[in-house]
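This report covers the aromatic side chains and their contacts. The sequence and structure come next.

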Amino acid sequence: MAGSVPACRFGAEAIDQADIIVVPGWKGADVPVPEELCARLRAAHGRGARLVSICSGAFVLAATGLLDGGTVSTHWRYAEALQRRFPAVTVDAASLYREHDGVFTSAGSAAGIDLLIEIVRRDFGAEAANSVARRLVVPAHRSGGQAQFLERPVPARPTGEVAPLLDTMREALDRDWTTEAMARDCRMSLRTFLRRFQEATGASPG
């Protein structure tokens with residue numbers, strides 16, 4: 001039928017052969033995770049597979065017990081519920097992604113992309129990660145400890161001399177964009193550029 005969702009090609013048994021397992025979300029904060037699924041994930045971790053969650057998928061990985069004693073990330077809106085349901089883990093409601101003993105957790109969808117690009121970087125190097133980022137038109141690297149959101153709102157679109165720079169950077173993600181290079185592109189001194197960039201975007205150029 002046109003527009004229908006294609007059936008999944010594999011069942012839960014695929015977990016038993018996978019090298020990396022991504023849980024992109026879960027049904028709800030109060031929905032129990034089946035023990036059969038938890039057992040498969042624990043077994044996969046035991047044989048060296050990496051487990052990854054995006055957003056509410058952290059509830060699934062926390063249910064396995066593999067995150068006990070560790071610090072995890074999830075979307076800020078689920079952080080309180082995750083902490084309440086799994087007191088043996090420490091929930092970091094601010095960071096984009098975290099790793100604990102080969103188990104990776106991330107915040108919302110964009111943070112999940114950041115995490116997966118970081119895994120590509122670890123496995124295949126910066127060039128491969130940069131290539132993926134270019135295809136997706138996303139930053140090549142955002143560190144896991146970066147905040148999920150800024151406390152103060154930023155303009156809907158950066159104004160002044162900084163906006164053309166950002167457009168140029170989006171079209172040339174493979175360039176080595178040092179702060180000095182950015183300042184030159186804006187025809188500003190480094191000190192002035194740092195101040196103007198912070199004012200326009202609410203973030204540092206780094």
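## Aromatic cluster

Phe59, Tyr78 and Phe86 form one aromatic cluster. The model is predicted: local features need pLDDT of at least 70, side-chain atom pairs count only at pLDDT 80 or more, and totals for chains, interfaces and linings use all residues. Residues are numbered from 1 along each chain as its sequence is written, and side-chain values use heavy atoms, with hydrogens and water left out.

## Pairs

The structure holds three aromatic pairs; rings of Phe, Tyr and Trp (its six-membered ring) pair if their centres lie within 6.5 Å, and planes under 30 degrees apart count as stacked, over 60 as edge-to-face and the rest as tilted. The planes of Phe59 and Tyr78 are at 85° with ring centres 6.2 Å apart, so this pair is edge-to-face. It links distant parts of the chain, 19 residues apart: Phe59 lies in helix 2 (residues 58-63), Tyr78 in the loop between strand 3 (71-73) and helix 3 (79-85). Helices (H or I, at least four residues) and strands (E, at least two) are DSSP runs, numbered from the N terminus.

Phe59 is buried at 1% relative accessibility, whereas Tyr78 is partly exposed at 23%. Buried means under 20% relative accessible area, exposed over 50%, partly exposed in between (1.4 Å probe, protein chains only).

Phe193 and Phe197 form a tilted pair, 5.6 Å centre to centre with 55° between the planes. Both belong to helix 8 (residues 190-201), where being four residues apart separates them by about one helical turn. Phe193 is buried at 0%, and Phe197 is buried at 7%.

## Charge over a ring

The charged end of Arg175 sits over the ring of Trp177, 3.9 Å from its centre. The criterion is NZ of Lys or CZ of Arg within 6 Å of the ring centre and within 35 degrees of the ring normal.
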